Amino acid sequence: TNEALSHRCEHKRQARRTRRRCAARCESSTRFAWGSAVCALEHVAARDADCLPAVLTLRAVSLVNPTLCAPRMVYFVRSTMAHLVARVKKENQPCVLEGARLAAELRATASPSDAPQSLYFAGMWAFWVSEDTALAAQLFRALADVGHVGGLYNLSVSITAGHTGSRDLAQAFELYLKAADCGHLGAAYNLACCYARGDGTAVDQSKAVQYYQRAADAGNCAALYNLAMRCRDGNGIERNPARMLELLQLAADCGDTHAMLLLASCYEFGTDGLRQDSTKAAALTAQAVQATGEPDATRNLGICYLQGRGVPRDEARGVTLLRTAADAGDAGALFSLGHCYHTGNGVPRDCARAATLYWLAVERRNVRAIVNLSVMLRFGDGAPQDLRTAVALLKLATATGSNSAQRLLDSILTEDSILTE
């Protein structure tokens with residue numbers, strides 16, 4: 001058919017393009033094999049397919065011509081690292097083992113001029129894929145000793161995480177400082193965090209802002225978000241709500257879910273100079289869910305659908321989203337899902353199920369769940385009546401400043417004199 005013919009022609013065109021790309025890189029059969037493997041890795045990474053055949057090809061080529069492969073390890077890791085890390089624990093253990101072996105062989109056989117780069121990526125494989133943090137720290141220390149910027153940064157990360165045997169924050173701070181002075185933006189961000197928290201150095205909020213700004217200027221999402229919070233609170237910088245909103249938007253645009261949710265909250269309630277806009281709030285919340293599937297974002301989107309805030313009301317979809325977030329252990333989702341069962345909103349009313357969900361939320365210190373569960377325990381609604389437990393729970397809630405918990409506690413103590421004896 002015409003469709004099948006068109007498909008075959010397109011397949012041939014793709015094959016020709018792949019051969020031209022390989023030929024452009026490769027001047028020998030060994031180079032051709034390397035180029036083919038890299039193209040294969042690009043293909044499988046884009047389609048979530050099996051990486052193992054391409055990795056095996058890379059390993060075979062590295063044994064034939066390690067001098068060729070070592071300098072190109074950069075391209076290999078950049079093309080596949082994120083893909084492999086995402087899949088390794090699920091289904092692709094052979095690929096990880098071959099990748100780690102390839103990195104070790106490159107490190108062992110690289111020429112002196114290629115040694116730092118090969119050593120660096122061997123350390124990256126050990127840290128992120130093989131999860132051999134001790135070996136990674138050893139490799140990064142060897143690089144740091146010769147002033148390699150990546151080695152300085154990753155060694156400081158290893159020290160901060162305690163992978164070197166001792167968690168020496170002062171030493172980690174010095175390494176971050178050296179790496180940041182060499183232009184490493186990740187080190188600049190971590191250095192800002194050190195100044196903000198006093199990790200390995202004295203607290204200095206103005207210097208924290210300085211390094212957050214350096215990282216933010218290069219597009220670091222977390223730095224943009226932290227700067228926005230400082231503009232909101234006036235911490236180390238003059239309070240500036242307009243600047244806060246600008247930074248939040250930049251952070252949201254580059255994928256920071258915290259920024260998306262805070263910006264959504266600003267639109268939802270019309271705070272910090274923004275006009276109230278439930279539609280934009282729901283869109284930002286949906287964007288956060290799509291980006292990472294964070295439980296708090298999923299819960300907020302579920303509530304939007306339950307209440308029809310910024311989206312068409314869809315109770316079934318709202319309950320599904322709440323259930324997803326609750327399964328991930330989100331306290332707010334457990335409370336909201338319990339409330340759905342308590343009131344019959346989107347699901348058949350089931351007070352026993354509601355009480356179970358409230359208990360799970362109470363274990364995570366959700367104050368609204370404490371209040372609702374205390375009411376159920378007071379009247380024996382969905383759970384056996386238990387006034388003493390209700391009072392004990394309400395005392396926990398009043399300690400957090402909950403007015404509703406205090407009113408309910410006063411009511412129980414007034415009406416049920418046996419509890420005051």
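Student: Which residues touch the most other members of the largest nonpolar core?

Tutor: A nonpolar core is a set of buried Ala, Val, Leu, Ile, Met, Phe, Trp, Tyr and Cys residues joined through side-chain atoms within 4.5 Å. Buried means under 20% relative accessible area, exposed over 50%, and partly exposed in between, with a 1.4 Å probe and protein chains only. The largest core has 68 residues, and those touching the most other members are Phe140, Tyr212 and Leu248.

Student: Which helix gives this core its largest share?

Tutor: Helices (H or I, at least four residues) and strands (E, at least two) are DSSP runs, numbered from the N terminus. The largest share of this core is 9 residues, and it comes from helix α11, residues 185-197.

Student: How many residues are in the other core, which lies apart from this one?

Tutor: That core includes Ala326, Tyr358, Ala397 and Leu409. In soluble globular proteins, nonpolar side chains tend to be buried together. The count for this other core is 36 residues.

Student: What should I know about the source of these values, and what is the mean pLDDT of the chain?

Tutor: The model is predicted, so local features need pLDDT of at least 70 and side-chain atom pairs count only at pLDDT 80 or more, whereas totals for chains, interfaces and linings use all residues. Residues are numbered from 1 along each chain as its sequence is written, and side-chain values use heavy atoms, with hydrogens and water left out. pLDDT is the predictor's confidence in each residue, from 0 to 100. In this chain 69% of residues reach 70 or more, and the mean is 79.

Student: Where does pLDDT stay under 50?

Tutor: Contact means heavy atoms within 4.5 Å. One such stretch has 27 contacts beyond four places in sequence in the model, and it covers residues 22-35. Another has 103 such contacts, and it covers residues 40-100.

Student: How many helices and strands are in the chain?

Tutor: Of the 421 residues in the chain, 44% are buried. Among contacts with a separation of 6 or more, 46% join residues 24 or more positions apart. The chain has 23 helices and 0 strands.

Student: Is Phe173 buried or exposed?

Tutor: Phe173 is found in helix α10, residues 169-181. Not counting residues up to four places away in sequence, Phe173 touches Leu191, Cys194, Tyr195, Asp199, Gly200 and Thr201. Phe173 and Thr201 are 28 residues apart in sequence and 7.2 Å apart in space, C-alpha to C-alpha. Because its relative accessibility is 5%, Phe173 counts as buried.

Student: At what angle do the axes of α13 and α15 cross?

Tutor: Axes are lines fitted to C-alpha atoms, for helices over the stretch in contact, and angles run from 0 to 180 degrees between N-to-C directions. The axes of α13 (residues 221-233) and α15 come within 10 Å, and they cross at roughly 35 degrees.

Student: Which residues make that contact?

Tutor: By class, the contact of α13 with α15 has 4 nonpolar, 1 polar and 1 charged residues. Here Ala, Val, Leu, Ile, Met, Phe, Trp, Tyr, Cys and Pro count as nonpolar, Asp, Glu, Lys and Arg as charged, and the others, Gly among them, as polar. From α15 come His258, Ala259 and Leu262, and from α13 come Tyr225, Met229 and Arg232.

Student: Which helices does α17 pack against?

Tutor: Helix α17 (residues 295-307) has 13 residues and reaches 18 Å from its first C-alpha to its last, close to the 18 Å expected at 1.5 Å a residue; that expectation is 1.5 Å times one less than the number of residues. Among its buried residues are Ala297, Leu301 and Tyr305. The buried residues of α17 pack against α15 (257-269), α16 (278-292), α18 (315-327) and α19 (331-343).

Student: Why does Asp330 count as buried?

Tutor: Asp330 lies in the loop between α18 and α19. Not counting residues up to four places away in sequence, Asp330 touches Pro295, Asp296, Arg299 and Ala325. Asp330 counts as buried because its relative accessibility is 12%.

Student: What is the phi of Arg365?

Tutor: Most residues other than glycine have a negative phi. Arg365 is found in the loop between α20 and α21 (367-379), and it is exposed, with a relative accessible area of 62%. Although Arg365 is not a glycine, its phi is positive, at about 65 degrees.
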